[in-house]
Amino acid sequence: MKYISTRGTAAVLEFDDVLLAGLGRDGGLYVPESWPQFDAAKLEQLEALSYSQLAFQIIKPFVGDSVTDEDLKRILEGAYTNFDTEEAVALKEIGENEYLLELFHGPTIAFKDMAMQVLGPMFDQVLKQKNQRITIVGATSGDTGSAAIEACRDRDAMDIFILYPEGRVSDVQRKQMTTVKADNVHCIAIKGTFDDCQDMVKALFNDDEFRDKWNLSAVNSINWARIVAQIVYYFWAALQVGGTDKPVSFAVPTGNFGNVFAGYCAYKMGLPIKKLIVGANSNDILSRFFDSGTMEMKGVHPTISPSMDIQVSSNFERLLFDLYERDGAAVKESIDIFRETGKFNVSEAQLKQARKLFDSAHFDDIEIKAMIAQVLDESCVLLDPHSAVGVAAGRAKRGNTKTPIISLATAHPAKFPDAVKDASGQHPELPEHMRYLFELDEKTDVLENDLDKVRAHIVTTLEGNA
Ligand SMILES: *Cc1c(COP(=O)(O)O)cnc(C)c1O
């Protein structure tokens, strides 16, 4: 399988190089040259498989010759073993033809584990094949950092540095990062905001000498391998609920557009999907886009669903590429205009095309809390605020109840205990495997918001480890 960039001019790469490269050299995102196809007969063969067997069938065509079938099978058989469910995910009925797909049964209790637990061993495999070592550097506002650390801990061919804003992530989120005891894991609390952390990571990647010397790599949400691993649960849920011929709809709490884009990939591969409903919080840039065809920045508001407090959804560019009939120059032009003016729009025809599959709705914190209380009352299921956005969006936009709607639950309620308690009166308990989280020792380095100091700290740490 070959991969091309959404801006049309970066080198065409195989899967292993896309995995390590992250972003294309032209600033674009990698997408597959064509979509593997699953017709009804093929879908039927998938129905009886376990989750990791299904993952192998879905992921294999995207990996091509980059990893042998034997190695890929081994990676996927191991990836979901420390999840607290039998099949990595759980499906619950919460209303008439309405389902909740729980994606938070991995080690850090948010859906990021679904992809990260595959990404970690995949990196290991490819690095071993190429005889390389990498340094992963990332910034987190909460969920991504802990999922990345869990996926990369104790792996020989990599060190991982995660920058987070001191005092601005929740206690659970911080402890999930700082209590991991592994020589290759390094947490850095920055005296600044998440944006400061992210700017520093960008600056480190733009420092060519540093980047090349330490072989910097990223596991952020534009990494294609993360999207691939997320396609699997769309197939899993649709086959369970609708079978091979009855279309289903999905409602997806959305931030960077990575999760819902995986649903789009499943659709392109032949899975019968009727609607993909994008759920947003008060940061409603995507939902304004799907209503009007105009993408316009308006600044970020903090909400009780912080993992969706995003201004610009980086993975949206992948959808734009298809809406523009894979014209990389046109994508680049729109993105340049967006950067300069904070705004761009697609044509009437392109909006109509997008709306054939996508719809969207947004909710403020009060509505989200009301949805948490309502679902608890109706079906004794306690949702976290992100998952509540998904359910609310599904209910608002599903249309008739004949087509099953599957809402994706992206975090365990105990990850956001204050908002959940406030909404429902119930204090959500951490799952069994995290019971002792608050008793473990924390290890983190606290640094000034100063690029030179952070860079020097990383170098000293790496030289000390070598
Ligand atoms: C990351 C995250 C999201 C948003 O997912 P995207 O792929 O960025 O759209 C939603 N909910 C939770 C809990 C998350 O951690």
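Guide: Contact here means heavy atoms within 4.5 Å. The model is predicted.

Visitor: Which helix lies across S9, S10, S13 and strand S14 (405-409)?
Guide: Look for a helix that runs at about 170 degrees to S10. Its residues are 258-268. That is helix H11.

Visitor: At what angle does helix H17 run to S10?
Guide: Helix H17 covers residues 385-397. It lies across S3, strand S4 (98-102), S9, S10, S13 and S14. Its direction relative to S10 is about 130 degrees.

Visitor: What is the strand order of the open sheet?
Guide: The sheet has six strands, and their pairing is mixed. On average, neighbouring strands are turned by 25 degrees against each other, direction ignored. The order reads S3-S4-S14-S9-S10-S13.

Visitor: Do strands S9 and S10 pair in the parallel or the antiparallel sense?
Guide: In general, strands of a sheet pair through backbone hydrogen bonds, in either sense. Here strand S9 spans residues 248-253 and strand S10 spans residues 273-280. Five bridges join S9 and S10, and the sense is parallel.

Visitor: Which residue in S10 is the bridge partner of Phe250?
Guide: S9 covers residues 248-253 and pairs with S10. In S10, the bridge partner of Phe250 is Leu276.

Visitor: How is H4 oriented to H5?
Guide: The axes of helix H4 (residues 69-79) and helix H5 (residues 112-130) come within 9 Å and cross at roughly 150 degrees. Angles over 145 degrees count as roughly antiparallel. Therefore H4 is, relative to H5, roughly antiparallel.

Visitor: How many nonpolar residues does the contact of H4 with H5 have?
Guide: From H4 come Asp71, Leu72, Arg74, Ile75, Leu76 and Ala79. They meet Gln117, Val118, Pro121, Met122, Gln125 and Gln129 in H5. By class, two are charged, three are polar, and the nonpolar ones number seven.

Visitor: How are H13 and H14 set to each other?
Guide: Helix H13 (residues 316-323) and helix H14 (residues 328-341) have axes that come within 9 Å and cross at roughly 130 degrees. The crossing is right-handed. The angle therefore makes H13 and H14 oblique.

Visitor: How many charged residues does the contact of H13 with H14 have?
Guide: H13 gives Glu317, Leu320 and Phe321, while H14 gives Gly328, Val331, Ser334 and Ile335. Four are nonpolar and two are polar. The charged count is one.

Terms used:
Residues numbered from 1 in each chain as written. Predicted model: local features only at pLDDT ≥ 70, side-chain atom pairs only at ≥ 80, totals over all residues. Heavy atoms only, no water. Axes fitted to C-alpha atoms, helices over the stretch in contact; angles between N-to-C directions. Helix = DSSP H or I, 4+ residues; strand = E, 2+ residues; numbered from the N terminus. Parallel < 35°, antiparallel > 145°, perpendicular 65-115°, else oblique. Nonpolar A, V, L, I, M, F, W, Y, C, P; charged D, E, K, R; others polar. Pairing = 2+ DSSP bridges. Left-handed = near helix turned anticlockwise from the far one by under 90°.
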